[in-house]
Amino acid sequence: MNVTSAWIIFGVVALLSWIVQISLNSKFKKYSQIPLPNGMTGADVARKMLRDNGITNVTVQATNGFLTDHYNPTNYTVNLSENVYNSCSIAAAAVAAHECGHAVQHAYGYAPLKMRSALVPIINFSAKFVSWILLGGMLMLNTFPQVMLIGIVLFALTTLFSFVTLPVEINASQRALAWLNETGITNYETHPQAEDALRSAAYTYVVAALSSLATLFYYIMIYSSRRD
């Protein structure tokens with residue numbers, strides 16, 4: 001693979017990323033208009049899922065932004081964007097249950113989540129310097145190629161993090177969908193819609209991982225093209 005091929009792959013992945021993000025926003029908007037039959041809000045769904053799994057040390061709270069929902073294992077909080085926290089829609093139930101899926105993973109020591117959490121400090125450190133190191137590495141490619149190599153190693157850790165994230169996110173959705181079905185919060189009509197919403201969200205992580213891998217290959221091709 002040469003640099004040109006790497007650029008083509010990077011361009012294709014970037015296009016896929018744009019398409020997936022547009023699709024996710026569209027489906028979230030669509031399923032946000034479909035109410036849950038029982039009238040539960042996203043916050044209600046989250047608190048019930050935590051209770052049903054015997055988790056009493058996690059707080060559910062609202063946060064600003066759109067699709068900013070996340071579970072924070074450091075302070076034991078499920079953070080739901082306001083349009084999920086207060087909404088009685090299929091989309092809100094699916095997202096809330098998904099984030100609680102991470103809390104369940106944490107409570108039961110799910111291995112990929114533990115691995116991802118262990119990588120977070122390294123990734124945070126890498127994010128501060130990797131762009132500058134790679135830029136410096138490209139400028140000094142033929143004089144000090146070791147700088148570029150260091151940048152590639154740091155970026156490879158970011159790529160690893162993206163791929164470790166995949167089973168974490170997919171498993172959280174599987175836990176969420178199984179619980180929504182078992183409790184009857186979703187039924188034969190609404191369950192496929194919740195599943196579709198979470199599947200679309202999962203695609204964003206898949207594309208992000210592929211994008212990171214394509215970018216890593218690009219930097220490797222640049223390093224390989226240096227003059228000896």
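A: The protein chain of this predicted model exposes about 11900 Å², of which carbon and sulfur atoms supply 62%. Seven helices and three strands make up its secondary structure elements, and along the sequence they follow the pattern α-α-β-β-β-α-α-α-α-α.

Two packed helices are described by the angle between their axes and the distance between the axes. Helix H4 covers residues 90-107 and helix H7 covers residues 191-224; their axes lie 9 Å apart and form an angle of about 60°. An angle under 35 degrees would count as roughly parallel, and one of 65 to 115 as roughly perpendicular; H4 and H7 are therefore oblique to each other. The crossing of these two helices is right-handed. On the side of H4, the contact is made by Ile 90, Ala 94, Val 95 and His 98, while H7 contributes Gln 193, Ala 194 and Leu 198. Sorted by class, five residues of the contact between H4 and H7 are nonpolar and two are polar, with no charged residues.

Helix H5 (residues 111-139) and helix H6 (residues 145-183) have axes that come within 7 Å and cross at roughly 150°. The crossing of H5 and H6 is left-handed. The contact of H5 with H6 comprises 23 nonpolar, six polar and two charged residues.

The C-alpha atoms of the chain fill a box of roughly 70 × 35 × 25 Å along the principal axes.

Methods:
Residues are numbered from 1 along each chain as its sequence is written. This is a predicted model: local features need pLDDT of at least 70, side-chain atom pairs count only at pLDDT 80 or more; totals for chains, interfaces and linings use all residues. Side-chain values use heavy atoms; hydrogens and water are left out. Axes are lines fitted to C-alpha atoms, for helices over the stretch in contact, and angles run from 0 to 180 degrees between N-to-C directions. Helices (H or I, at least four residues) and strands (E, at least two) are DSSP runs, numbered from the N terminus. Angles under 35 degrees count as roughly parallel, over 145 as roughly antiparallel, 65 to 115 as roughly perpendicular and the rest as oblique. A crossing is left-handed if the near helix is turned anticlockwise from the far one by less than a right angle, and right-handed if clockwise. Contact means heavy atoms within 4.5 Å. Ala, Val, Leu, Ile, Met, Phe, Trp, Tyr, Cys and Pro count as nonpolar, Asp, Glu, Lys and Arg as charged, and the others, Gly among them, as polar. Accessible areas come from the Shrake-Rupley method with a 1.4 Å probe; for residues, only the protein chains shown count as cover.
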